[in-house]
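Colleague: I would like to go through this model with you and ask what stands behind the words you use for it.

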Amino acid sequence: MNRSSPARTRQAAAAPRRGRESATARMERAARIAARLAEAYPEASCSLDFASPFQLLVATILSAQCTDKRVNAVTGPLFTRWPTPEALAAARQRDLEAVIRSTGFFRAKARNILGCCQTLVDRHGGEVPGTLEELVKLPGVGRKTANVVLGSAFGMAAGVVVDTHVGRISRRLGLTRHTDAVRAERDLVKVVPRDHWIAFSHRLIEHGRGVCSARAPHCPGCPLEELCPRVGVVARRPRPGG
Ligand code: SF4
């Protein structure tokens, strides 16, 4: 890009200098980032297929270290065979493992799903509880899974879901320094407007897939370019002859 292009000039004016941004300025910038993402990705939503909180809970447990596409390929047969928490809690572990094998870590996931469903039956009348405190007590359910279920199945903004895309881009955007998801979420909820918490993650995930990829972020033309300090992004050298 030409050094004097309008985009570069805007970035110099709006992106913070590292370590010099006040808390207020960061909140204002985060609000602008959230608004810009809403314009760029108005339809972004959870990419896991589900028809109930129970289905999303199980799908999210399966999504650890696995693509949503792969999870969606196994949840159809899984919920046809075991459509309720009661039915799934009564499944044999080896039968469940066979169905979810392709999602990876299938033994641990099967164990967690069975334990989770048994707890839903024993303590919650076969219903998925609607609070963070109760959800994180279920076997195999951490804060991220609980936030996914609360946000996408119940429409409740209890926090910001931080997966690898959200963590990576939030660090590049200078909204957190932390690689630990819980600490990163703590930073994000301080600056991202609450009414954006649920969609913010879906939009950053889409942004990470299409623009701000792990290996090669496409900064020129990125809708967040003027708001992003690009922390840790190394400028790519132009290819010879390119
Ligand atoms: S693509 Fe570049 S400018 Fe856009 S969010 Fe990622 S690092 Fe920032």
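Modeller: Start with burial: a residue is buried if 20 or more other C-beta atoms lie within 10 Å of its own, exposed if 12 or fewer, and partly exposed in between, with C-beta atoms placed from the backbone. By that count, buried residues make up 36% of the 242 residues in the protein. The model is predicted: local features need pLDDT of at least 70, side-chain atom pairs count only at pLDDT 80 or more, and totals for chains, interfaces and linings use all residues. Residues are numbered from 1 along each chain as its sequence is written.

Colleague: Why is Gly-142 called partly exposed?

Modeller: Gly-142 has 15 other C-beta atoms within 10 Å, so it is partly exposed. Gly-142 is found in the loop between α8 (132–135) and α9 (143–153). Its C-alpha atom is separated by 10.0 Å from that of Val-182, 40 residues apart along the chain.

Colleague: How many helices and strands does the protein have?

Modeller: There are 12 helices and 0 strands. Both are DSSP runs, numbered from the N terminus: helices are H or I with at least four residues, strands are E with at least two.

Colleague: What span does helix α2 reach, and what is expected?

Modeller: The expected span is 1.5 Å times one less than the number of residues. Helix α2 (residues 23–40) has 18 residues and reaches 25 Å from its first C-alpha to its last, close to the 26 Å expected.

Colleague: Which residues of α2 are buried, and why are they said to line one face?

Modeller: Arg-29, Ala-30, Ile-33 and Leu-37 are buried in α2. Seen down the axis of α2, these buried residues fall within an arc of 105° (taken from the directions from the helix axis to the C-beta atoms), so they line one face of the helix. On the other side of α2, Thr-24 and Glu-39 are exposed.

Colleague: What do the buried residues of α2 pack against?

Modeller: They pack against α11 (181–191) and α12 (197–210). Two residues are in contact if their C-beta atoms, placed from the backbone, lie within 7 Å.

Colleague: Why is helix α3 called largely enclosed?

Modeller: In α3 (residues 53–62), 8 of the 10 residues are buried, so the helix is largely enclosed by the rest of the structure. Among the buried residues are Phe-54, Leu-56 and Ile-61. The helices that the buried residues of α3 pack against include α4 (68–81) and α7 (106–124).
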